[in-house]
Amino acid sequence: MFTRYGHHLGDTWYYVQEDRVHMYYLTCPVGTPRHTRWSIGHAVSSDLMHWDDCGVVLEPGPPSAWDGICPATGSVIEFEDRYFMAYTGNY
């Protein structure tokens, strides 16, 4: 099971690439009220039991931005050898 010491974990979403699974997850430090300041993290696994945490890959934008308070659940797709993430933004 994936855990991130000292952090809350929220929703997760996945992209399967051959023999590796990419997990994206919502996270915020313990002490931060959940659902108020998520960041998006990334981890990779080949067996769904052992995960390599790549850390935070997307922080909230500036306070006035469309994703300025709390980015939320998304999805990842591949198109023409490029990867795109769509996620929910809250301001």
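In the hairpin formed by strand 3 and strand 4, where six residues lie between the strands, Leu48 adopts a positive phi near 65 degrees. This is a predicted model, in which local features need pLDDT of at least 70 and side-chain atom pairs count only at pLDDT 80 or more, while totals for chains, interfaces and linings use all residues. Residues are numbered from 1 along each chain as its sequence is written, and side-chain values use heavy atoms, with hydrogens and water left out.

**Overall build**

- The protein chain has zero helices and six strands, and read along the sequence the pattern is β-β-β-β-β-β; here helices (H or I, at least four residues) and strands (E, at least two) are DSSP runs, numbered from the N terminus.
- The radius of gyration of the protein chain is 13 Å, which agrees with the value near 12 Å that a compact globule of 91 residues would have; this radius is taken over C-alpha atoms, and the globule rule is 2.2 Å times the number of residues to the power 0.38.
- Along its principal axes, the C-alpha trace of the protein chain spans about 40 × 35 × 15 Å.
- Of the 91 residues in the protein chain, 36% are buried, where buried means under 20% relative accessible area, exposed means over 50%, and partly exposed lies in between (1.4 Å probe, protein chains only).
- Among the contacts in the protein chain with a separation of 6 or more, 34% are between residues 24 or more positions apart, a contact being heavy atoms within 4.5 Å.

**Hairpins and positive phi values**

- Strand 3 and strand 4 pair in the antiparallel sense over five bridges, and Val44 has Asp52 in strand 4 as its bridge partner; two strands are said to pair if DSSP finds at least two bridges between them.
- Leu48, whose positive phi is found in a residue other than glycine, sits in the loop between strand 3 (39-45) and strand 4, and with a relative accessible area of 52% Leu48 is exposed.
- Strand 1 and strand 2 (residues 20-29) also pair in the antiparallel sense, over nine bridges, and the partner of Tyr14 in strand 2 is Met23.
- The hairpin of strand 1 and strand 2 has two residues between the strands, and in this hairpin Glu18 takes a positive phi near 55 degrees.
- Glu80 has a positive phi of about 50 degrees although it is not a glycine; Glu80 is placed in the loop between strand 5 (72-79) and strand 6 (82-88) and counts as exposed at 64% relative accessibility.

**The salt bridge**

- A search of the whole structure finds one salt bridge, a term that stands for a side-chain nitrogen of Lys or Arg within 4 Å of a carboxyl oxygen of Asp or Glu.
- The side chains that meet in this salt bridge belong to Arg4 and Asp53, at 3.3 Å from N to O, and the pair links distant parts of the chain, since Arg4 is in the segment before strand 1 (7-17) and Asp53 is in strand 4 (residues 52-58), 49 residues apart.
- Arg4 counts as buried at 17% relative accessibility, whereas Asp53, at 36%, counts as partly exposed.

- Asp11, placed in strand 1, is partly exposed at 44% relative accessibility, and, not counting residues up to four places away in sequence, Asp11 touches Tyr24, Tyr25, Leu26 and Thr73.
- The C-alpha atoms of Asp11 and Ile40 are separated by 9.6 Å, with the two residues 29 apart along the chain.
- Ala86, found in strand 6, is partly exposed with a relative accessible area of 48%, and, leaving out residues up to four places away in sequence, Ala86 touches Gly74 and Ser75.

**Surface**

- The protein chain exposes about 5,900 Å², of which carbon and sulfur atoms supply 55%; accessible areas come from the Shrake-Rupley method with a 1.4 Å probe, and for residues only the protein chains shown count as cover.
- Trp66, Ile69 and Tyr91 form a nonpolar patch on the surface, with about 400 Å² of accessible area together; patches are made of residues with over 30% relative accessible area and no salt bridge, like charges being joined within 9 Å and nonpolar side chains (Val, Leu, Ile, Met, Phe, Trp, Tyr) within 5 Å.
- Tyr91 lies in the segment after strand 6 and is exposed, with a relative accessible area of 71%.
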